[in-house]
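Subject: Structure handover

Hello,

Here is the structure for your files. Please open it alongside this note; the findings follow below.

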Amino acid sequence: MRKPRLPPLGALRAFHAVAGCLSFKRAADQLGVSATAVSHQIRLLETSLACRVCERSAQGVSLTAAGQTLYAGTQRAFAALEEATAQIAHANQPPALTVTTTSNFLTHWLVPRLADFKAQFPQIDLRLHTSVERVDLTQHRVDAAIRYRETPETDLPCTLLHEDRFILVASPTLHIRQLDDLRSVTLFHVEQRHVPADAPDWSHWQRLYGPPDLNINAGLRFSDETHALQAAVAGQGVVIASQLLAQDQLQRGVLVAPFACSLPGARYYWVTGEDSAEREDVVALREWLLRQMASA
């Protein structure tokens, strides 16, 4: 049996609009044409089908039995076309760039600079993930990582971004001028620092710089550097903190580094999976990070 010839697509589109709102005028507004043009398409459709699909009366527009059958079909057909079009549009979009890093780095260094990155690369869909656990890049859940470690990764593409130092920072309201002043302020301890191996703590500080009678066991203990920095900004004590993470607060003057002394830190590395290392958006973010870190 020969398949029936389909009506013109333009006529079906006009009918679908009319059936959806039961108004020739509103359908014309949706399609951006005149009501006369819509009427013409409906007549063309009815000629093609050899039956009426809608009736006009003083009360408005209603669908005939054939029109109701046809509308059920156009709903399925146009929904499928819209879905296919959306899939094609999505496939043509550049992939999202998902980066994992630590919460402290994201909060204190990356977030304040994201506006600059988005201004330079508005087309990049950047998605940020934080975790205290090491994310396996070979599982393809993320594209790249900013990692804090002492040595580079040996099994994945790895770029050195920055070599960190740890400095003593405090609120300017504490008026710390010399090392002996540390005896009269609260020492903040940041626990669970796993890198570098020779921890940048008060024991290390006292061993190198003193004062020898400083009570390094006293003070407040924090499990997160962000909270220790916030308490230091509030003038509640002093903390040995990452110079990079304290950089913006030092520039704003809410923290000061009263001594030139510093302790060695670890290094920030940009790490990617093998298959994403040279992707355009991955390279763009890596080069932007290198430029930003060079000015740190």
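Where is the place of Val-282? Val-282 sits in helix H10.

Before more detail, the ground rules. This is a predicted model, in which local features need pLDDT of at least 70 and side-chain atom pairs count only at pLDDT 80 or more, while totals for chains, interfaces and linings use all residues. Residues are numbered from 1 along each chain as its sequence is written, and side-chain values use heavy atoms, with hydrogens and water left out.

**Overall**

The protein has 10 helices and 10 strands (DSSP runs, H or I of at least four residues for helices and E of at least two for strands, numbered from the N terminus). Its radius of gyration is 33 Å, well over the 19 Å that the globule rule gives for 296 residues, so the protein is more spread out than a compact globule. That radius is taken over C-alpha atoms, and the rule is 2.2 Å times the number of residues to the power 0.38. The C-alpha trace spans about 100 × 45 × 30 Å along its principal axes.

Of the 296 residues, 43% count as buried (under 20% relative accessible area; exposed is over 50%, partly exposed in between; 1.4 Å probe, protein chains only). The accessible surface comes to about 16,500 Å², and 52% of it belongs to carbon and sulfur atoms. Areas come from the Shrake-Rupley method with a 1.4 Å probe; for residues, only the protein chains shown count as cover.

Take contacts (heavy atoms within 4.5 Å) between residues at least 6 apart in sequence. Of these, 75% join residues at least 24 apart.

H10 covers residues 280-294, 15 residues in total. From first C-alpha to last it reaches 21 Å, close to the 21 Å expected at 1.5 Å a residue. The expected span is 1.5 Å times one less than the number of residues. Its buried residues include Asp-281, Arg-286, Trp-288 and Met-293.

Is Val-282 buried or exposed? At 0% relative accessibility, Val-282 is buried. Setting aside residues up to four places away in sequence, Val-282 touches Leu-97, Trp-270, Thr-272, Ser-276 and Ala-277.

Ser-276 lies in the loop between strand S10 (263-272) and H10. Ser-276 is buried too, at 5% relative accessibility. A polar atom of the Ser-276 side chain lies 3.1 Å from the backbone oxygen of Asp-143. Beyond residues up to four places away in sequence, Ser-276 touches Asp-143 and Val-282.

**H8 and S9**

H8 runs over residues 225-233. Glu-225, Thr-226, Ala-228, Leu-229, Ala-231 and Ala-232 are buried there. What do the buried residues of H8 pack against? They pack against helices H5 (103-110) and H9 (243-252), and against strands S6 (158-169), S7 (187-190), S8 (220-222) and S9 (238-242).

At the start of H8, a side-chain oxygen of Asp-224 comes within 2.7 Å of the backbone nitrogen of Thr-226. Gly-235 follows H8, with a positive phi near 80 degrees.

S9 is mostly covered, with 5 of its 5 residues buried. S9 pairs with S6 in the antiparallel sense over 4 bridges (pairing needs at least two DSSP bridges between the strands). In that pairing, Ile-167 stands opposite Ala-241. S7 and S9 run parallel, joined by 2 bridges. Leu-187 has Val-238 as its bridge partner in S9.

**Elsewhere**

S1 (residues 54-57) and S2 (residues 60-63) pair antiparallel over 4 bridges. A hairpin of 2 residues joins them. Cys-54 stands opposite Leu-63.

Thr-74 is in helix H4 (residues 65-92). Thr-74 is buried, with a relative accessible area of 5%. Neighbours within four places in sequence aside, Thr-74 contacts Leu-12, Phe-15, His-16 and Ala-79.

Arg-177 is in the loop between S6 and S7. Arg-177 counts as exposed, at 59% relative accessibility. Arg-177 and Leu-263 are 86 residues apart in sequence and 19 Å apart in space, C-alpha to C-alpha.

Best wishes

Terms used
Polar contact = N/O pair within 3.5 Å; in protein donor to acceptor, adjacent residues only side chain to side chain.
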